[in-house]
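Please examine the sequence and the model below.

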2 protein chains.
Amino acid sequence: MGTPAAFGPLERADALCVRRGVRLTPQRRRVLAILCSASRPLGAYEILEAMRDGSRPLAPPTVYRALDFLLEQGLVHKLESLHAFIGCRHPDHPHSGQFLICRTCGLVTELEDEAICESLRSAADETGFRPERRVVEVLGVCACCVGKGVEG
Amino acid sequence: MGTPAAFGPLERADALCVRRGVRLTPQRRRVLAILCSASRPLGAYEILEAMRDGSRPLAPPTVYRALDFLLEQGLVHKLESLHAFIGCRHPDHPHSGQFLICRTCGLVTELEDEAICESLRSAADETGFRPERRVVEVLGVCACCVGKGVEG
DNA sequence: CTGGCTGCTGTTATACTGTAGCGTTATCGC
DNA sequence: GCGATAACGCTACAGTATAACAGCAGCCAG
Ligand SMILES: [Zn+2]
Ligand SMILES: [Zn+2]
Ligand SMILES: [Zn+2]
Ligand SMILES: [Zn+2]
């Protein structure tokens, strides 16, 4: 059929950026690819390391600038408590997700829980606070690691 | 009468540490005092600067060690999104609060909202995740700044 | 075509945040 | 006192992030 069986996150990012009239340049796309193929959040300097193909020694601003763009476009999230970045699992609409972060295996689960959003919204409303960005990160041990008794 | 009219956060911290059998040493108390008297969150190096009375040039580990202790005892909180620290407003029982952070005036409001806690707990429960530490920080513009039209 | 403008990239240098390691000093139980 | 432990001071360094400037490509008005 005309539509491929599955679009990966990169193809969806391409389409999204076209629709928004912004440029997902090769460098930016590369950073996004690295983050999406990683099984855990990566620090900026880990991304930098992963971008060295062959010989060229890239500098920090390169990756930080790409990350700034990807964050603005909601294609990746920053995990403040880890100083690390992760590809967004549903970037089609802008959002600031909630994250469950396993300290044992490094697994990160992104949520978009309406009850959490609503409770934050109503708490802010009560004080007249106007929210712009929400950071919600729960650190602990994931179900899998609890089951294995790895929890320490 | 026997009881002073008002106990400040320092006196309450003293009592708390005695009860717990831990030592609120002069260095630690000093850091706590600086944080409690500040009108906004302070970075570790700002605290360091504030601790230089007269001549002695203190080194970073001094303040980081004091902060580690105060964090363990729940007397201060770390704001991950600002890399800064703030004194807790109700340290009597251990908790990880929620914070409304104004990007305009720097004001930080600490909440302990049961609806937020409950929604986080139930989201974690659904996936079998065992929470240990919660980071909830909402960045935006406080009511006061919105009223003044300073919001940018 | 030309020249200016804008946005992206490369590079150097540096600022800011946090820790390892080690020796000394204070504190506490005995 | 005396040994064990906790706290402190210090040097050095690791990790995270940004400022500032230069080059280059594309786009568009003139
Ligand atoms: Zn997301
Ligand atoms: Zn796990
Ligand atoms: Zn608190
Ligand atoms: Zn404000």
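Predicted model: local features only at pLDDT ≥ 70, side-chain atom pairs only at ≥ 80, totals over all residues.

**A guided reading of the model**

At 12% relative accessibility, A:Gln73 counts as buried, a term that means under 20% relative accessible area, whereas exposed means over 50% and partly exposed in between, with a 1.4 Å probe and protein chains only. A:Gln73 is found in the loop between helix 4 and strand 1 of chain A. Leaving aside neighbours within four places in sequence, A:Gln73 is in contact with A:Arg20 and A:Val22, contact meaning heavy atoms within 4.5 Å.

Residues are numbered from 1 along each chain as its sequence is written, chains are lettered from A and ligands numbered from 1 in the order in which they are written, and side-chain values use heavy atoms, with hydrogens and water left out.

Chain A as a whole comes next. Its secondary structure comes to six helices and five strands; helices (H or I, at least four residues) and strands (E, at least two) are DSSP runs, numbered from the N terminus. From the N terminus on, the elements of chain A follow the order α-α-α-α-β-β-β-β-α-β-α. Taken along the principal axes, the box filled by the C-alpha atoms of chain A is roughly 50 × 40 × 40 Å. Of the 152 residues in chain A, 42% are buried. Among contacts in chain A between residues at least 6 apart in sequence, 46% join residues at least 24 apart.

Helix packing can be followed in both chains. In chain A, the axes of helix 3 (residues 44-51) and helix 4 (residues 60-72) come within 9 Å and cross at roughly 110 degrees. Helix 3 of chain A is therefore roughly perpendicular to helix 4 of chain A. Here axes are lines fitted to C-alpha atoms, for helices over the stretch in contact, and angles run from 0 to 180 degrees between N-to-C directions. Angles under 35 degrees count as roughly parallel, over 145 as roughly antiparallel, 65 to 115 as roughly perpendicular and the rest as oblique. The crossing of helix 3 and helix 4 of chain A is right-handed; a crossing is right-handed if the near helix is turned clockwise from the far one by less than a right angle, and left-handed if anticlockwise. From helix 3 of chain A, A:Ala44, A:Tyr45, A:Ile47 and A:Leu48 meet A:Pro60, A:Val63, A:Tyr64 and A:Leu67 of helix 4 of chain A. By class, this contact of helix 3 with helix 4 of chain A has eight nonpolar, no polar and no charged residues. In this scheme Ala, Val, Leu, Ile, Met, Phe, Trp, Tyr, Cys and Pro count as nonpolar, Asp, Glu, Lys and Arg as charged, and the others, Gly among them, as polar.

In chain B, helix 1 (residues 9-20) and helix 2 (residues 26-37) pack at an angle of about 145 degrees, with their axes 10 Å apart. Helix 1 of chain B passes helix 2 of chain B in a right-handed crossing. The contact of these two helices of chain B has six nonpolar, no polar and three charged residues by class.

A further site is taken from a record. For "binding site", an unreviewed UniProt entry lists A:Cys102, A:Cys105, A:Cys142 and A:Cys145. They span 44 residues in sequence, yet no two of their C-alpha atoms are more than 8.2 Å apart, so they gather at one spot. A:Cys105 lies in the loop between strand 3 (98-102) and strand 4 (108-111) of chain A and is partly exposed, with a relative accessible area of 41%. A:Cys142, in the loop between strand 5 (130-141) and helix 6 (143-148) of chain A, is buried, with a relative accessible area of 6%. Leaving aside neighbours within four places in sequence, the contacts of A:Cys142 include A:Cys102, A:Cys105, B:Gly128 and B:Phe129.

A:Val138 lies in strand 5 of chain A and, at 3% relative accessibility, counts as buried. Beyond its neighbours within four places in sequence, A:Val138 is in contact with residues including A:Phe99, B:Leu120 and B:Arg134.

Notes
UniProt positions renumbered as here; feature names shortened; annotations may be inferred.
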